[in-house]
Amino acid sequence: MALRREPHVLVVGGSDSSGGAGIVRDIETISALDLRTCLAITTVTVQTHEAVTQIHNLQPGLVADQMRAALQANAVGAIKIGMLATEQTIVAVADVLRQNPQIPAVIDPVLVSSSGWPLLDTGAIGVLKHELIPLCRLVTPNLIELAVLAGSDLAIDEDAALQQGQKLLTAGLQALLIKGGHAAGCRSTDILLRADQEPIRFDAPRLGGSMRGTGCALASAIAAHLANGSLLEDGVRKSKLLVFEKLRKSISRD
């Protein structure tokens, strides 16, 4: 059978039985941008929209084998990484990225569920920061995740968030997009930081509602645009607009 040569995004992450986030949201978003998806599942979760009740982690070697098989079978233009759960899985995923440095990776650092359930072992955060994140083209933390990665208190304003972001860049990150969804104010501003460049802000009205999986959708959309050859800044801009419109429509239906 001939290999599939149309651009694919390889999604590495956990399942969500509710369909609100995780791989389901990734596939939905990437498909909306007319790209195909291939998968490496790291974790199977049992959850509703309100709570996570069970987590079952796959063996790290199996995760890496899924990634290698997907890369062999398809023309993968970008990799989107979500829930990893354990230190061993992080190391396995990092090994595959090192073997494929030409493929841009976008990581959404999934640390805690919306209901507060820990989704990454506490001891694995250092490994995530030092072994995997520097291999990725972009990291997309919200303010809570940013504080954890920076080893700091939650940023109370934009200046504090920028300081935390610059600290991470100094530690070896290529670029990060600080998401403003958890900030206050009538505008939601995401900030793209890259070494030796001025911050770039992506601004939108703050909508009076919420939807699970927006972080998954944003990172997946950015990965899809990178797979299609977009520059990082253009991919971020298009992806923020896509997620904004999706959230706006969801709120209007409710």
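Biologist: Which elements do the buried residues of H5 pack against?

Modeller: The buried residues of H5 pack against helix H4 (125–132), H6 and E7. Helices (H or I, at least four residues) and strands (E, at least two) are DSSP runs, numbered from the N terminus. This is a predicted model, in which local features need pLDDT of at least 70 and side-chain atom pairs count only at pLDDT 80 or more, while totals for chains, interfaces and linings use all residues. Residues are numbered from 1 along each chain as its sequence is written, and side-chain values use heavy atoms, with hydrogens and water left out.

Biologist: What makes H5 "mostly covered"?

Modeller: Buried means under 20% relative accessible area, exposed over 50%, and partly exposed in between (1.4 Å probe, protein chains only). In H5, 6 of its 8 residues are buried, namely Leu-143, Glu-145, Leu-146, Ala-147, Leu-149 and Ala-150.

Biologist: Why is H5 called oblique to H6?

Modeller: The axes of H5 (residues 143–150) and H6 (residues 158–170) come within 9 Å and cross at roughly 50°. Axes are lines fitted to C-alpha atoms, for helices over the stretch in contact, and angles run from 0 to 180 degrees between N-to-C directions. Angles under 35 degrees count as roughly parallel, over 145 as roughly antiparallel, 65 to 115 as roughly perpendicular and the rest as oblique. H5 is therefore oblique to H6.

Biologist: Which residues of H5 and H6 meet there?

Modeller: Leu-143, Leu-146, Ala-147, Leu-149 and Ala-150 of H5 meet Ala-161, Gln-164, Gly-165, Lys-167 and Leu-168 of H6. Contact means heavy atoms within 4.5 Å.

Biologist: How do you know that both faces of E7 are covered?

Modeller: In a regular strand the side chains alternate between the two faces of the sheet. In E7 (residues 175–178), Ala-175 and Leu-177 on one side and Leu-176 and Ile-178 on the other are all buried.

Biologist: What makes E7 and E8 a pair?

Modeller: Two strands pair if DSSP finds at least two bridges between them. E7 and E8 (residues 187–194) run antiparallel and are joined by 4 bridges, so they pair. The bridge partner of Leu-177 in E8 is Leu-192.
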